[in-house]
Amino acid sequence: MEKSLFGIVIQVSNLELCKAFYRDVLGLGAPVMDSTFWVEFKLDAHASLFLEKSDVLDTDPGKHGRLSWIYRSEDPEGLKETLASYGYITQKVSTDQAGFPVYRLHDPEGNPFYLTAREENTSES
């Protein structure tokens, strides 16, 4: 397995719930590394998303802010439908801010992320 050059680490208290969300709902597939305290999903050849189990989380994530990241999907409209079927609401961000359609979401623990199309598809929206 090739090591990632870049990564995003998200601390979560319920690792199993968050792993299921990223694997099944967001569609990242099976983790390339899976333990009781650390899970790694490959986002592409050079980047990974890591979930780290932590029992010490900020009880008010909005107070100090949390890391946000952008997930570029091959099929953002289909993924939005899948997310909606699980009860996750997408909030459209002004296209003027990014220059292309972007949607704000949160994982089961409130960690924010953004959804958009991969670069080759961004002009189609």
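## Nonpolar core

In this predicted model, the largest nonpolar core has 22 residues, of which Ile10, Tyr22, Leu49, Leu51 and Trp69 touch the most other members. A nonpolar core is a set of buried Ala, Val, Leu, Ile, Met, Phe, Trp, Tyr and Cys residues joined through side-chain atoms within 4.5 Å. Buried denotes under 20% relative accessible area, exposed over 50%, and partly exposed the range in between (1.4 Å probe, protein chains only). At least two core residues each are supplied by strand S1 (6-12), H1, strand S3 (38-42), strand S4 (47-53), H3, S7 and S8. H1 provides the largest share of this core, 5 residues. Helices (H or I, at least four residues) and strands (E, at least two) are DSSP runs numbered from the N terminus.

Not counting residues up to four places away in sequence, Tyr22 touches Ile10, Gly27, Leu28, Gly29, Phe41, Leu49, Leu51, Trp69 and Asp107. A contact here requires heavy atoms within 4.5 Å.

## The mixed sheet

An open sheet of 4 strands runs in the order S1-S4-S3-S2, with mixed pairing. S1 and strand S2 (33-34) lie at the edges with a single partner strand each, so one side of each is left without a neighbour in the sheet. Two strands count as paired if DSSP finds at least two bridges between them.

S1 and S4 pair in the parallel sense over 7 bridges, and Ile10 stands opposite Leu51 in S4. The pairing of S3 with S4 is antiparallel over 5 bridges; Glu40 has Phe50 in S4 as its bridge partner. These two strands, S3 and S4, form a hairpin with 4 residues between them. S2 and S3 are also antiparallel, over 2 bridges, and Asp34 has Val39 in S3 as its bridge partner. Of the 7 residues of S4, 5 are buried, so S4 is largely enclosed by the rest of the structure.

## Helix H3

Helix H3 (residues 76-85) has Pro76, Leu79, Lys80 and Leu83 as its buried residues. Viewed down the axis of H3, these residues fall within an arc of 105°, so they line one face of the helix. The arc is that of the directions from the helix axis to the C-beta atoms. On the other side of H3, Glu81 and Ser85 are exposed.

The packing partners of the buried H3 residues are helix H1 (15-25), strand S5 (70-73), strand S7 (102-106) and strand S8 (112-117).

## Overall fold and surface

The protein chain contains 4 helices and 8 strands, following the pattern β-α-β-β-β-α-β-α-β-α-β-β along the sequence. Buried residues make up 34% of its 125 residues. Among contacts with a separation of 6 or more, 55% come from residues 24 or more positions apart. The chain exposes about 7400 Å², of which carbon and sulfur atoms supply 51%; accessible areas come from the Shrake-Rupley method with a 1.4 Å probe, and for residues only the protein chains shown count as cover.

## Confidence and conventions

The protein chain averages a pLDDT of 84, and 84% of the residues score at least 70. Over residues 121-125 the pLDDT is below 50, and this stretch has 7 contacts in the model beyond near neighbours in sequence. The pLDDT is the predictor's confidence in each residue, from 0 to 100.

Local features need pLDDT of at least 70 and side-chain atom pairs count only at pLDDT 80 or more, whereas totals for chains, interfaces and linings use all residues. Residues are numbered from 1 along each chain as its sequence is written, and side-chain values use heavy atoms, with hydrogens and water left out.
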